[in-house]
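Welcome! Take a moment to look over the sequence and the fold, and then let us walk through a few places together.

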Amino acid sequence: MTQLVAESGHQEAVAALRRSYEAIPPGAPVRLAKRTSNLFRFRDQSSAPGLDVSGLDRVLSVDPERRTADVQGMTTYEDLVDATLPFGLMPLVVPQLKTITLGGAVTGLGIESSSFRAGLPHESVVEMDILTGDGRIVTASRENEHAELFRGFPNSYGTLGYSLRLRIELAPVKAYVRLRHLRHDDATACAEELKRISESGEYDGEPVDFVDGTVFGPRELYITIGTFADTAPYTSDYTGSQIYYRSIQRRSVDFLTIRDYLWRWDTDWFWCSGAFGVQHPLVRRVWPDQAKRSDVYRRLVALDRRWQATARLDRWRGRPTREFVIQDIEVPVERLPEFLEFFQAEVGMSPIWLCPLAAREDWPLYPLEPGKAYVNVGFWGTVALPPGRIPEHHNRLIERKVTQLNGHKSLYSTAFYSREEFWQLYDGQTYRRLKDAYDPEERLLDLYDKCVRGR
């Protein structure tokens, strides 16, 4: 095992966190003092002090023999990947954006192109130390006395506690990833192919290590499969002038280094950098490469939301009001064509991201059937509101459709469920039992209040 940070340093950071938690008066809001966020529930910034998590953002150790790592909860996946790749290892699932934290991906939900075989990030957690709402620090694992908290922690969004240290499984990697972009002109055929590849773990007689997809229109859908390779005849670079998602339409085969593959979507925030003009050749030439990052774009969106600059400009130009439609949803793979047909008719946004997944175990607060093939559908942008419609028109349509298709939606963005419907979808009985056991005085927000009511 390679120790990267002294245990004493971790304990000092934990002690600082406990002091800051104890200093918050009962009844006062509790929040993390984080520099970055990947949530899209924009709230007015509280003037109350946040929890001191400044010393909880590092990889503590890597064990190449056991293929595990001990990681602090506020560690970004960018730093985690940088720590594990020198050992020829990676987390089983690396969410698409560099500043997503390990703790955030576990208490929320993360996904990526290895999820068809590795599930979601929380499924590779062996154990975790959690600061609970009642001020205790407990170690939770699948088999100990806190096993129910271990299983109920995913999708709790910091309303049961905060992860301080997590031990996670790692997977071996090779130096390169060979990509093949397979075009389909029919959503049903695309869904069937996704299901075959996901369940068999191979394509055309070769093993598949990664699978995702991109929808550019009703008759232009791509499945991208990635396979590890020891060597590559060339490698493409999408961190500068070239744009990754455009290459999907132009190339049938491509090669990337493993690091560039893991962060292929971050440079342009999938395709959302276009909203800032960064995909225009002249703008791209002067926009610094180090600022081609998802966290930079997200901060720009936050500023725009705060000052309503785009909305004011649209009103001045006489353009219709636009609704932010930023969601990730999961539907059973066989219902994917129906969802895409609905989405293209009612919303009309493109491109759309597809990512197959299969949960390895049962997780009550996000109840996907273990072993069943689902597809995550991601869409992020704005659409014009039809005249006379309420501001959340499209988002509410999507919620209803996802429920009709026996799917679920991630809670990092806007939600509008009634309290009764929400707890039916996200196992209110288990959540209430955990809340009573680990946060009986409700110092932390209730999950419904945080994710739907926006408190």
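Strand β11 and strand β15 (residues 352-357) run antiparallel and are joined by three bridges. Within this pairing, glycine 213 has leucine 354 of β15 as its bridge partner. Do keep in mind as you explore that this is a predicted model.

Strand β11 also pairs with strand β12 (residues 220-229), again in the antiparallel sense, over seven bridges. Here valine 215 finds its bridge partner in leucine 221 of β12.

Is β11 enclosed or open to the outside? Eight of the eight residues of β11 are buried, so the strand is largely enclosed by the rest of the structure.

| Residue | Element | Relative accessible area |
|---|---|---|
| Threonine 214 | strand β11 (residues 210-217) | 1% |
| Threonine 132 | strand β5 (residues 125-132) | 1% |
| Alanine 302 | helix α10 (residues 294-307) | 22% |

Threonine 214 belongs to β11. Threonine 214 counts as buried because its relative accessibility is 1%, and buried means under 20%. Setting aside its neighbours within four places in sequence, threonine 214 is in contact with Glu220, Leu221, Tyr222, Ile248, Trp265, Trp271, Pro351 and Ile352. Among these contacts is Leu221, the residue of β12 that bridges to valine 215.

Threonine 132 sits in strand β5 and is likewise buried, with a relative accessible area of 1%. Its side chain makes a polar contact with the side chain of aspartate 134, at 2.4 Å. If residues up to four places away in sequence are not counted, threonine 132 touches Tyr21, Val138, Leu149, Leu160, Gly161 and Tyr438.

Finally, visit alanine 302 in helix α10. Is this alanine buried or partly exposed? Alanine 302 is partly exposed, because its relative accessible area is 22% and buried means under 20%. From alanine 302 to leucine 170 the C-alpha to C-alpha distance is 34 Å, and these two residues lie 132 residues apart in sequence.

Conventions
Residues are numbered from 1 along each chain as its sequence is written. This is a predicted model: local features need pLDDT of at least 70, side-chain atom pairs count only at pLDDT 80 or more; totals for chains, interfaces and linings use all residues. Side-chain values use heavy atoms; hydrogens and water are left out. Helices (H or I, at least four residues) and strands (E, at least two) are DSSP runs, numbered from the N terminus. Buried means under 20% relative accessible area, exposed over 50%, partly exposed in between (1.4 Å probe, protein chains only). Contact means heavy atoms within 4.5 Å. A polar contact is a pair of N or O atoms within 3.5 Å; within protein, one must be able to donate a hydrogen and the other to accept it, and residues adjacent in sequence count only if both atoms are side-chain atoms. Two strands pair if DSSP finds at least two bridges between them.
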